[in-house]
Amino acid sequence: MSQKPNPVMALYQKMEKLPAGKTLFSMAICRKAPYFGTVRPRLQTLRPNYCEALLKKRRAVENHIGTVHVIAICNGLEFAMGVVAEASIPAHLRWIPKGMDVRYTAKAETDIRVIAEVAPGAWENGPEVAVAVRALRDDDTVVVEGTIHLWVTEKPAKKSS
């Protein structure tokens, strides 16, 4: 029996073919979860268990020394984690963030790429899934790295009327 395609991944695959489709998809995610919109993430790549987005360095996300504020970066990392989770999780499961462990490793002096990755098969090994996250400058220097921990459970049965 073939598995039903993930609806988020299917929507992304349709939208990425459109002019500005990735931007529109990113904006739709930010509409669903408005706080992500504060860093204006733009999806670059999405495939099962992998998501990469871009945060532009702009005044609204800078700190007092002119670098991208680490909390803005963490917001971007959580965006990438949420997108990869929604695009990868099997249909019978649901997730919720449980915690985030990050290390600040370098100054964020440029635009920032945020990446979230899930190990293949991790969804079925719950109840916790570790999502590896990292943020990189334009020169590929890692500025933040860590793990976002997800609590994964079965979706409750739908009540019949």
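Predicted model: local features only at pLDDT ≥ 70, side-chain atom pairs only at ≥ 80, totals over all residues.
Trainee: Which loop is Arg40 in?

Mentor: The one between α2 and β1. Look at its backbone too. Arg40 is not a glycine, yet its phi is positive, about 50°. Most residues other than glycine have a negative phi.

Trainee: OK, Ala20 next. What is its phi?

Mentor: Positive, about 60°, and Ala20 is not a glycine either. It belongs to the loop between α1 and α2.

Trainee: Why does Ala20 count as exposed?

Mentor: Its relative accessibility is 51%. The cut-off for exposed is over 50%, so Ala20 passes it.

Trainee: You mentioned α1 and α2. At what angle do their axes cross?

Mentor: Roughly 145°, and the axes come within 8 Å. From α1, the contact uses Val8, Leu11, Tyr12 and Met15. From α2, it uses Gly21, Lys22, Leu24 and Phe25. By class, that contact has six nonpolar residues, one polar and one charged.

Trainee: Switching to the sheet. What's the strand order?

Mentor: β1-β2-β4-β5-β6-β3. It is an open sheet of six strands with antiparallel pairing. β1 and β3 are the edge strands, each pairing on one side only. On average, neighbouring strands are turned by 20° against each other, direction ignored.

Trainee: Which strands does α3 touch when it packs on the sheet?

Mentor: β1, β2, β3, β4, β5 and β6. The direction of α3 makes about 40° with that of β4.

Trainee: Zoom in on β2. Why is it called largely enclosed?

Mentor: Six of its six residues, 50-55, are buried, so the rest of the structure largely encloses β2. Tyr50, Glu52 and Leu54 point one way, Cys51, Ala53 and Leu55 the other. Note that Glu52 is buried along with the others.

Trainee: And how many bridges join β1 to β2?

Mentor: Five, with the strands antiparallel. Leu46 has Cys51 as its bridge partner. Thr45 stands opposite Glu52.

Trainee: How many residues sit between the strands in that hairpin?

Mentor: Two. Asn49 in this hairpin takes a positive phi near 70°.

Trainee: What about β2 with β4: how many bridges there?

Mentor: Six, again in the antiparallel sense. There, Ala53 stands opposite Val114 of β4.

Trainee: Last topic, pockets. What volume does the largest one have?

Mentor: About 910 Å³. The lining has 36 residues. Asn6, Val8, Glu86, Ala87 and Ile89 lie nearest the centre.

Trainee: Which element gives the largest share of the lining?

Mentor: α3, with eight residues. α1, α2, α3 and β3 each supply at least two.

Trainee: How do the lining residues divide into nonpolar, polar and charged?

Mentor: There are 23 nonpolar, six polar and seven charged residues.

How values were computed. Residues numbered from 1 in each chain as written. Heavy atoms only, no water. 1 Å grid on protein atoms, 1.4 Å probe; cavity = no way out; pocket = protein on both sides within 12 Å on 5 of 7 lines; lining within 4 Å. Points joined across faces, edges and corners; volume = space filled by probe spheres on them. Helix = DSSP H or I, 4+ residues; strand = E, 2+ residues; numbered from the N terminus. Nonpolar A, V, L, I, M, F, W, Y, C, P; charged D, E, K, R; others polar. Buried < 20%, exposed > 50% of the residue type's maximum accessible area, 1.4 Å probe, protein only. Pairing = 2+ DSSP bridges. Axes fitted to C-alpha atoms, helices over the stretch in contact; angles between N-to-C directions. Contact = heavy atoms within 4.5 Å.
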